[in-house]
Amino acid sequence: QVQLVESGGGLVQLGGSLRLSCAASGIIFRLYTMGWYRQAPGKERELVAAITRGGSTDYADSVKGRATISRDNAKNTVYLQMNSLKPEDTAVYYCNARNPVLGGPNYWGQGTRVTVSS
């Protein structure tokens, strides 16, 4: 059974920082592209950041320069460090895993809520 469990969300002041974590199990973690998505109320889910098996990263324009995605394969964990948080960062943040070679389903966590107060 594949499980992705997010943690680290919470209430943060404008300009503050958070580090989100996603612990994966049930997959060969090092073979998967990992990503963070977010969904704000009334909006579609959107990509925040992704990191490949080889460590290449991709960021949404809205967080570029403020967010850093990283992975620790020994811990089967992917992180999202977010700095200089803005109210528009308020959303539920979801962890995503996909195998870029074999394909198959995208796996999702249950999400962790981030609220940035203005």
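**Close-ups of a predicted model**

**Panel A. Tyr-93 and its neighbours.** In this predicted model, Tyr-93 touches Glu-6, Leu-20, Trp-36, Tyr-37, Arg-38, Val-48, Leu-80, Met-82, Gly-111, Thr-112 and Val-114, leaving aside residues up to four places away in sequence.

**Panel B. The largest nonpolar core.** Tyr-93 turns up again here: along with Met-34, Trp-36, Ile-69, Val-78 and Leu-80, it touches the most other members of this 29-residue core. Two or more residues each come from strand 3 (18–25), strand 4 (33–39), strand 5 (46–51), strand 7 (67–72), strand 8 (77–82), strand 9 (91–99) and strand 11 (112–117).

**Panel C. Asn-99, a buried residue in strand 9.** Asn-99 sits in strand 9 and, with a relative accessibility of 10%, counts as buried. Its side chain reaches two backbone nitrogens: that of Val-101 at 3.0 Å and that of Leu-102, also at 3.0 Å. Setting aside residues up to four places away in sequence, Asn-99 touches Leu-31 and Tyr-32.

**Panel D. The aromatic pair.** There is one such pair in the structure, and Tyr-37 and Trp-108 make it: edge-to-face, 5.0 Å centre to centre, with 70° between the planes. Tyr-37 belongs to strand 4 and Trp-108 to strand 10 (residues 103–108), so the pair ties together parts 71 residues apart in sequence. Trp-108 counts as partly exposed, at 36% relative accessibility.

**Panel E. Arg-45 over two rings.** What does the charged end of Arg-45 sit over? One ring is that of Tyr-94, with the charged end 3.8 Å from its centre. Arg-45 also lies over the face of Trp-108, at 4.7 Å from the ring centre.

How values were computed
Residues are numbered from 1 along each chain as its sequence is written. This is a predicted model: local features need pLDDT of at least 70, side-chain atom pairs count only at pLDDT 80 or more; totals for chains, interfaces and linings use all residues. Side-chain values use heavy atoms; hydrogens and water are left out. A nonpolar core is a set of buried Ala, Val, Leu, Ile, Met, Phe, Trp, Tyr and Cys residues joined through side-chain atoms within 4.5 Å. Buried means under 20% relative accessible area, exposed over 50%, partly exposed in between (1.4 Å probe, protein chains only). Helices (H or I, at least four residues) and strands (E, at least two) are DSSP runs, numbered from the N terminus. Contact means heavy atoms within 4.5 Å. A polar contact is a pair of N or O atoms within 3.5 Å; within protein, one must be able to donate a hydrogen and the other to accept it, and residues adjacent in sequence count only if both atoms are side-chain atoms. Rings of Phe, Tyr and Trp (its six-membered ring) pair if their centres lie within 6.5 Å; planes under 30 degrees apart count as stacked, over 60 as edge-to-face and the rest as tilted. A charge sits over a ring if NZ of Lys or CZ of Arg is within 6 Å of the ring centre and within 35 degrees of the ring normal.
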